[in-house]
Amino acid sequence: FGFPRDNRDYCVFSFEPNPKFENRHSELAEAYRAVGWRYFPIIAGASNEDGNFTFYHSAFEKEEWETGFSAVTPKTLYGHNATS
């Protein structure tokens, strides 16, 4: 929406904390570069504080999807039948 834009006028940085998606972001960067777009994936999390953050994997999701992560344990989210 809005006025027509030329995506070559923009530079995009993405932050992806899950290293499982690094190859996908590299593929996207290569494809975008081929059409003149500037896309730079950073395989790390971003925060306003120094430190570490633990992501917990959901036991109720297919492993290959790798999208079921949370800042709280699966047991907290799903109850006593969850693992981890």
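The largest pocket holds about 170 Å³ of space. This is a predicted model, in which local features need pLDDT of at least 70 and side-chain atom pairs count only at pLDDT 80 or more, while totals for chains, interfaces and linings use all residues. Residues are numbered from 1 along each chain as its sequence is written, and side-chain values use heavy atoms, leaving out hydrogens and water.

Let us stay with the pocket for a moment. Rolling a probe the size of a water molecule over the atoms shows where empty space is left. Here a pocket is an open set of points on a 1 Å grid over the protein atoms alone, where a 1.4 Å probe fits and protein lies on both sides within 12 Å along at least five of seven lines. Grid points are joined across faces, edges and corners, and the volume is the space filled by probe spheres set on them. Lining residues have an atom within 4 Å of a point, and for the largest pocket they are Pro-17, Gly-45, Ala-46, Ser-47, Glu-49, Asp-50, Gly-51, Asn-52, Phe-53 and Phe-55. This lining divides into four nonpolar, four polar and two charged residues, where Ala, Val, Leu, Ile, Met, Phe, Trp, Tyr, Cys and Pro count as nonpolar, Asp, Glu, Lys and Arg as charged, and the others, Gly among them, as polar.

Now step back to the fold. The protein has two helices and four strands, and along the sequence they follow the pattern β-α-β-β-β-α. Helices (H or I, at least four residues) and strands (E, at least two) are DSSP runs, numbered from the N terminus. Strand 1 (residues 11-15) pairs with strand 2 (residues 38-42) in the parallel sense over five bridges; pairing requires that DSSP finds at least two bridges between two strands. Between these strands the chain passes through helix 1 (residues 22-34), and this β-α-β crossover is right-handed, that is, the path from the first strand over the helix to the second runs clockwise with the strands pointing away from the viewer. Within the pair, you can find Ser-14 opposite Pro-41 in strand 2.

Side chains of opposite charge can pair when their charged atoms come close. With a salt bridge taken as a side-chain nitrogen of Lys or Arg within 4 Å of a carboxyl oxygen of Asp or Glu, the count comes to two. In helix 1, Glu-27 and Arg-24 lie three residues apart, about one turn of the helix, and their closest N and O atoms are 3.7 Å apart in a salt bridge. Arg-8 forms a salt bridge with Asp-6, at 2.6 Å between the closest N and O atoms. Arg-8 is partly exposed at 48% relative accessible area, and Asp-6 is partly exposed at 28%; buried means under 20%, exposed over 50% and partly exposed in between (1.4 Å probe, protein chains only). Of the 84 residues of the protein, 17% count as buried.

Finally, visit the loop between strand 4 (69-70) and helix 2 (74-78), where Thr-73 is found. Thr-73 and His-57 are 16 residues apart in sequence, with 7.9 Å from C-alpha to C-alpha. Ala-71 has its place in the loop between strand 4 and helix 2, and its C-alpha lies 6.2 Å from that of Tyr-56, 15 residues away in sequence.
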